[in-house]
Amino acid sequence: MIVTSLNEIGFWSNNYENGVTPSYLCGDIGSDKESIINYLKNAPRCDGWLGYARCRFECEHSESSPLGAAELTDGEWYWPEGLAHYVEVHHLLLPPQFLEHIRSLNYRVPELDPVFLKAVRNAANLNENDEFKIKFSNHIWLNWLSEMGEESYLRNPVVVPKAKPAASSTFDLDSLLPGDGDL
């Protein structure tokens, strides 16, 4: 059995509910922002949900397709589909370790073994006969939030009113479920 650890990034804790925004994490990510966004958007889906994510900035895209309904991976990092939205629209910064990783790959997502992607999707249900065992670690993300001043920010955060969901309440099932190439 091959044991792989994935670094989780971009998953918001309950601290960012009720209109609390992560605005203290916004800034200039660099001149390669578009390449980073493309990388984030083009990684394979490894998990999907029946419902779109909510934007923590409560923008007009909240609970709509730009925030996605899946998790993506490049084999070393694991993030929600909406992370690209935060970088693109809200100028979210990212931990330097993740940016260095993306840049070291020249902004090209590596091809991943379909068996690995299936293992990521089924990580909670693996058994001893499976080829891969997936472990998730959020310590880089949580340490970075701390280094960026999360604790002091949360004492007096920027709070915005909850956005109304996008006009359409219908879902594009193709965007919610993994495609043939994603399994």
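Contact, in these exercises, means heavy atoms within 4.5 Å. The model is predicted: local features need pLDDT of at least 70, side-chain atom pairs count only at pLDDT 80 or more, and totals for chains, interfaces and linings use all residues. Residues are numbered from 1 along each chain as its sequence is written, and side-chain values use heavy atoms, with hydrogens and water left out.

**Exercise 1. Find the surroundings of His-101: which residues is His-101 in contact with, leaving aside its neighbours within four places in sequence?**

Step 1. Start with its place: His-101 lies in helix α3. Helices (H or I, at least four residues) and strands (E, at least two) are DSSP runs, numbered from the N terminus.

Step 2. Check its accessibility. His-101 counts as buried because its relative accessibility is 10%; buried means under 20% relative accessible area, exposed over 50% and partly exposed in between (1.4 Å probe, protein chains only).

Step 3. List the partners: Tyr-39, Asp-74, Glu-76 and Trp-77.

Step 4. Look again at Asp-74. Its side chain and that of His-101 are joined by a polar contact of 2.7 Å. Such a contact is a pair of N or O atoms within 3.5 Å; within protein, one must be able to donate a hydrogen and the other to accept it, and residues adjacent in sequence count only if both atoms are side-chain atoms.

**Exercise 2. Work out which residues of α3 are buried and where they fall around the helix axis.**

Step 1. Pick out the buried residues: Phe-98, Leu-99, His-101 and Ile-102.

Step 2. View them down the axis of α3. They fall within an arc of 160°, so they line one face of the helix. The arc is that of the directions from the helix axis to the C-beta atoms.

Step 3. Recall a handy rule. An α-helix has 3.6 residues a turn, so residues three or four places apart point the same way.

Step 4. Turn to the other side of α3, where Glu-100 and Ser-104 are exposed.

Step 5. See what the buried residues pack against: α1 (33-42), β4 and α2 (83-90). As one example, Ile-102, at 0% relative accessibility, touches Ile-36, Tyr-39 and Tyr-107, not counting residues up to four places away in sequence.

**Exercise 3. Describe the largest nonpolar core: how many residues does it have?**

Step 1. Count its members: 34 residues. A nonpolar core is a set of buried Ala, Val, Leu, Ile, Met, Phe, Trp, Tyr and Cys residues joined through side-chain atoms within 4.5 Å.

Step 2. Name some with the most contacts inside it, including Leu-40, Trp-79 and Phe-98.

Step 3. See which elements contribute: α1, β4, α2, α3 and α5 (139-147) each supply at least two residues of this core.

Step 4. Look beyond it. Another core, of 10 residues, lies apart, and Tyr-78 is among its members.
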